[in-house]
Amino acid sequence: MARSNRSETVDPSDVQIFHAVSRTNRAWWFFGKDPISGEDLGYRKAWIEELLVRFAGSFGIDLLSFSILSNHFHLMLRSRPEVVSTWDDNEVARRWLMICPVRKDDQGDPMPPSQPELDRIRKSPQKVAEIRRRLSDLSWWMRLLNQRIAQRANKEDGVKGHFFEERFTAVPLIDEESVLACSVYVDLNLIRACIAETIEMSDHTSAQRRAESVRPPEQPQQDAPTEATDDQTPNGAAPEPAKQNKRADSFLAPVNLDETTDAAGPQPNQAGDRCSDKGFLPMSEEHYLELLDWSARNLAQGKPGQTPSDLPPILERLGLSPTVWLALVAKFGELFSTIAGRPEHIDTERTKQTGRRFYVPKQTRVLFGQAA
């Protein structure tokens with residue numbers, strides 16, 4: 001079956017949420033320990049996470065969830081063209097030059113653009129309009145992300161050629177159920193694959209980042225007293241003000257979305273860590289982590305602890321039974337290959353270019369209790 005044109009499901013001018021997956025060429029273990037040769041390339045996962053942090057702070061796209069495995073990675077992304085529209089031409093140029101820098105420092109990080117570099121973009125209305133569109137375009141995010149990873153890995157290996165499969169997967173999520181199920185599916189990837197036992201041990205995932213952020217901060221150790229005065233350090237210099245440590249998940253979109261109390265509008269992030277401060281689920285971060293733990297205990301056999309007997313409130317509200325929910329979390333990629341949502345919601349959707357209906361697999365209809 002031929003793949004559909006991505007323009008049938010992706011429109012950079014719309015606010016959309018996607019589940020994106022990119023796999024290495026021939027599924028080689030370029031990010032982990034090769035089971036045949038024994039070579040461990042797991043440190044490359046940090047490369048991807050570093051780029052995700054940088055991209056989240058520059059693109060007009062919210063990073064909702066992610067997990068990085070040995071030969072592929074999962075992302076949940078939400079395009080935000082309405083946030084990009086709040087940026088002036090200077091901000092559009094600055095953000096693009098932080099993604100595609102003209103100059104880099106000794107560590108290879110982008111240097112702040114100079115005025116002449118900014119002028120080359122902002123003095124060209126056509127170029128500004130094109131870059132403004134790219135900043136909320138899922139394809140440009142994935143294209144540049146994969147390009148940076150491939151170039152660095154190929155350089156290290158001393159080879160040329162394709163590093164990733166030529167086409168990444170992008171499945172739009174059209175309702176609350178699919179967004180929730182996909183996020184949990186992404187966050188529990190390592191547990192489902194028996195790579196990690198707990199959320200806290202799930203390295204290079206958004207679940208681990210969020211879990212780290214809700215932990216009580218550790219109390220700094222008290223240094224031995226010195227003879228320095230209150231307003232001086234031992235070497236006589238004035239003490240530096242205490243630095244505010246950023247949350248481990250500061251680059252991720254917040255979880256909670258409460259349309260009754262949250263401020264209306266795009267809600268652009270002022271700190272520059274992420275695109276916006278708009279949540280994506282009708283639940284708190286703590287309740288989301290509890291749902292992850294509940295789901296993990298049911299999915300991962302042999303995990304210690306008592307499985308809660310009560311269904312989490314969010315699943316009761318959505319009308320999802322334990323059987324349906326756990327099937328969604330375990331087989332999300334199999335159930336939804338083109339578009340994700342309840343079958344009755346998918347049936348109302350049409351492709352963006354040709355207006356055709358989307359195909360819903362038989363097993364998806366059966367799962368939701370629909371006749372095929």
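**Close-up views of a predicted model**

**View 1. Cys194 is an exposed residue, with a relative accessibility of 72%.** The structure shown here, as in every view that follows, is a predicted model.

**View 2. Four strands form an open sheet in the order S2-S3-S1-S4, and their pairing is antiparallel.** At the edges of this sheet are strand S2, residues 61–68, and strand S4, residues 169–173, each of which pairs on one side only. If direction is ignored, neighbouring strands of the sheet are turned by 20° against each other on average. Helix H6, which spans residues 138–157, packs on the sheet and touches S1, S2, S3 and S4, while its direction makes an angle of about 150° with that of S3. In general, the strands of a sheet pair through backbone hydrogen bonds, and they may do so in a parallel or an antiparallel way.

**View 3. Strand S3 pairs with S2 and with S1.** S2 and S3 run antiparallel and are joined by seven bridges, and a hairpin of three residues leads from S2 to S3. Within this pair, Phe66 has Leu75 of S3 as its bridge partner. S2 is mostly covered, with eight of its eight residues buried. Strand S1, residues 17–23, also pairs with strand S3, residues 72–79, in the antiparallel sense, again over seven bridges, and here Ile17 has Arg78 of S3 as its bridge partner.

**View 4. S1 and S4 run antiparallel and are joined by five bridges.** In this pair, Phe18 stands opposite Pro172 of S4. S4 is mostly covered, as four of its five residues are buried.

**View 5. Helix H3, residues 89–99, is mostly covered, with eight of its eleven residues buried.** The buried residues of H3 include Glu91, Arg95, Trp96 and Leu97. Among the elements that cover them are helix H1, residues 44–56, together with H4, H5 and H6.

**View 6. The axes of helix H4, residues 115–122, and helix H5, residues 125–134, come within 6 Å and cross at roughly 90°.** Arg120, Ile121 and Arg122 of H4 meet Lys127, Val128 and Ile131 of H5 in the contact, whose residues divide into three nonpolar, three charged and no polar.

**View 7. Helix H10, residues 285–299, and helix H12, residues 322–335, have axes that come within 11 Å and cross at roughly 90°.** H10 is therefore roughly perpendicular to H12. On the side of H10, the contact is made by Leu291, Trp294, Ser295, Asn298 and Leu299, and on the side of H12 by Pro322, Trp325, Leu326, Val329 and Ala330. Sorted by class, this contact of H10 with H12 has eight nonpolar and two polar residues, and no charged ones.

Conventions: Residues numbered from 1 in each chain as written. Predicted model: local features only at pLDDT ≥ 70, side-chain atom pairs only at ≥ 80, totals over all residues. Heavy atoms only, no water. Pairing = 2+ DSSP bridges. Helix = DSSP H or I, 4+ residues; strand = E, 2+ residues; numbered from the N terminus. Axes fitted to C-alpha atoms, helices over the stretch in contact; angles between N-to-C directions. Contact = heavy atoms within 4.5 Å. Nonpolar A, V, L, I, M, F, W, Y, C, P; charged D, E, K, R; others polar. Buried < 20%, exposed > 50% of the residue type's maximum accessible area, 1.4 Å probe, protein only. Parallel < 35°, antiparallel > 145°, perpendicular 65-115°, else oblique.
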